[in-house]
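I opened this entry to keep track of what I looked up in the model. The notes follow the order in which I went through it.

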There are 2 protein chains.
Amino acid sequence: MRTASSFAGLLTGEQKIIDSIKSWVGGNFIGDDCAVLASQTLVSTDALVEGVHFRRDLMTLEEIGWKAVAVNLSDIAAMAGRPRYLFVTVCAPPGFSQSDFRSLYSGIGECARQYRVSIAGGDITASEQLMLSLTVIGDVHENGCLTRAGAKPGDVVIATGDFGASRAGLWQLLSGESSGKRSKEDDAAHALRKHICPVPRLSEAWTLVGKTGSAGALMDASDGLADALVQIARTSSVGLMMELGSIPIHEQTKKIAAQAGADPVEWALYGGEDYELVGCIDANVWGEWRKEGARGNPFVPIGIVTDGSSIDLTRHGSAAPPLDMSKCFQHL
Amino acid sequence: MRTASSFAGLLTGEQKIIDSIKSWVGGNFIGDDCAVLASQTLVSTDALVEGVHFRRDLMTLEEIGWKAVAVNLSDIAAMAGRPRYLFVTVCAPPGFSQSDFRSLYSGIGECARQYRVSIAGGDITASEQLMLSLTVIGDVHENGCLTRAGAKPGDVVIATGDFGASRAGLWQLLSGESSGKRSKEDDAAHALRKHICPVPRLSEAWTLVGKTGSAGALMDASDGLADALVQIARTSSVGLMMELGSIPIHEQTKKIAAQAGADPVEWALYGGEDYELVGCIDANVWGEWRKEGARGNPFVPIGIVTDGSSIDLTRHGSAAPPLDMSKCFQHL
């Protein structure tokens, strides 16, 4: 029988420490996007640290607040849940003013309102570094709960949106190529918007769970598409066969990657922060869904689930080099 | 009608920012030790920052982990709830090793096991400063939920344990007077134990709610007895008359205060981190409970609730100076 250790070579340092923590504290909940409590309550917690997750010279405090909420809601979307309550802890560095608090909470409040989540508590304290720690509480969707562990051989691997754009937006910010594009709602700002103002794929997840119930797998690609594939494969004890050519990549991402001298497929796999959904769905269910037409279907197919114990990649039909997790962004 | 603004002069800077945040985000849950969700779920979140809440040269990582859990559980005790799940976020500074993680989680796990709480998730990330952010989830007690808002004129103000000891223990640590006392289980280590290894007053809170149901008020004195009194008075829109001479202060606390040239009553009022419970209970219910004898009753009376709009203090019967909240420890 295959075990999670088949993928040991594909674990990041961060993942290894999480595995150790699980063994020390015996947490049998840890390991998915959210914990599923006995009451069918979903809980997820995410920290954002200045200099690690964001820079105040690249994003406004409103944007940082908005993003902090959005990435937490994305964890609820990753299990097809409905977010209800948010708890916000802010560690504020010296000189963080009342007006700074107001800007930060304005972004937090705006995103919470947009997705109808109540801010129900939190904590504030001093620190050397701006740090936000958010906990989101939601309900399991009435049609079921999708975890990383539900992929079955023969399933189709599907994904929402496009990948690599957040990395492209970050490149624009870092290289100073973003000036003037920020306020535009046009397509030229796609990458920036994906980086600064990610959209939690809640309605897409609810559509999926409406089709599959609790069958299938789901997670969000917050740490990159490669990480999402590894997590689903190891947790479900399956293999994957992925066609890199079918990963959706926005035209603007390709243009920015060319400008940066980077491979857009590498940005898609390892760039992270796209907050798109990656799912595995029964091939027949997927076939029926496709017959309804692409209109209103937020997912595209990007691979298949195998009974193997590896993740095999092709690029336009030819074998491609294996995943290299050292290219992932590490938060630790 | 009296409003919370009667106590505006007694609010700390921290409290004023929390009030602003409430007005910005419209959180109608914020303001008690825990949020009480529609599902009768209690949620509380607390952050501990190195240099603000703890110092690694004064406490071991095991002790820091233990205390981080205990102070979060104390918030559940403050509403007489039953803690169930814990979410632990650790922001680790450069050089924080695998072995450091293990020590920290060993303390976290030990306290969680002692109070039968499951560690159900969390996050780890890099930072410049060691920071722990914990969220605890619990259930409302089957006999009811006690908030800060339930005090009525005529109630008796009661408290568990003793006050000022944590401040005394901190003084011992800071002055280097703690050497050799740490491992002793004898009474000489009372203050150190109260500072390093506080006990969440869960069973005491359950006993109280068994006597009162949802009638009465309760909170924990994490930011000092003075802060607890102000919070109960303003949230319940009542006045208080407190006899400082009846605040329980351990003999060892008095001895250490004398050594430090401090007033033990000031340590009790403003020192903070005692994590004792402060409650308000109907005078008749209290009278009946007292008749059963002091044995098994973890509370002592320290004042009465009035229909006034101020907190009046006496010390051995004579009027004492009013509360001075500038003496509280501020986390911001």
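**Entry 1: strands around β5 of chain A.** I looked up the pairing of β3(A) with β5(A) and found nine bridges, with the two strands running antiparallel. I take helices (H or I, at least four residues) and strands (E, at least two) as DSSP runs, numbered from the N terminus. Two strands pair if DSSP finds at least two bridges between them. A:Y85 has A:I137 of β5(A) as its bridge partner. I then checked β2(A), which is also joined to β5(A) by nine bridges in the antiparallel sense. There A:T41 stands opposite A:D139 of β5(A). For burial I noted that eight of the nine residues of β5(A) are buried, so that strand is mostly covered. A residue counts as buried if 20 or more other C-beta atoms lie within 10 Å of its own, exposed if 12 or fewer, and partly exposed in between, with C-beta atoms placed from the backbone.

**Entry 2: provenance.** This is a predicted model, in which local features need pLDDT of at least 70 and side-chain atom pairs count only at pLDDT 80 or more, while totals for chains, interfaces and linings use all residues. Residues are numbered from 1 along each chain as its sequence is written, and chains are lettered from A and ligands numbered from 1 in the order in which they are written.

**Entry 3: the five-stranded sheet, read in chain B.** In which order do the strands of the open sheet lie? I read β1-β2-β5-β3-β4 in chain B, with mixed pairing. The edge strands are β1 (35-36) and β4 (118-126) of chain B, each of which pairs on one side only. β3 (residues 82-92) of chain B pairs with β4(B) in the parallel sense over eight bridges. In that pair, B:T89 stands opposite B:D123 of β4(B). I also looked at helix α2 (residues 61-77) of chain B, which lies across β2 (41-49), β3 and β5 (131-139) of chain B. The helix runs at about 35° to β5(B). The axes here are lines fitted to C-alpha atoms, for helices over the stretch in contact, and angles run from 0 to 180 degrees between N-to-C directions.

**Entry 4: strand β8 of chain B.** I listed the partners of β8 (residues 239-243) of chain B. With β10 (residues 299-306) of chain B, β8(B) pairs in the antiparallel sense over four bridges. B:M241 stands opposite B:I304 of β10(B). With β11 (residues 311-315) of chain B, β8(B) pairs in the parallel sense over four bridges. B:M242 stands opposite B:L313 of β11(B). As a reminder, strands of a sheet pair through backbone hydrogen bonds, either parallel or antiparallel.

**Entry 5: positive phi.** Most residues other than glycine have a negative phi. I noted two residues that depart from this. A:E273 has a phi near 65° and is found in the loop between α9 (264-270) and β9 (277-281) of chain A. A:E273 is buried, with 21 other C-beta atoms within 10 Å. B:A80 also has a phi near 65°, and is found in the loop between α2 and β3 of chain B. B:A80 is buried, with 31 other C-beta atoms within 10 Å.

**Entry 6: chain A as a whole.** I counted 10 helices and 12 strands in chain A. The radius of gyration of chain A is 19 Å, close to the 20 Å of the globule rule for 332 residues, so chain A is as compact as a globular protein of that length. The radius is taken over C-alpha atoms, and the rule is 2.2 Å times the number of residues to the power 0.38. Buried residues make up 53% of the 332 residues.

**Entry 7: the two chains together.** How many residues of chain A are in contact with chain B? I found 52 residues of chain A in contact with 52 residues of chain B, where contact requires C-beta atoms, placed from the backbone, to lie within 7 Å. β4(A) gives the most to this side of chain A, with nine residues.

Conventions:
Two residues are in contact if their C-beta atoms, placed from the backbone, lie within 7 Å.
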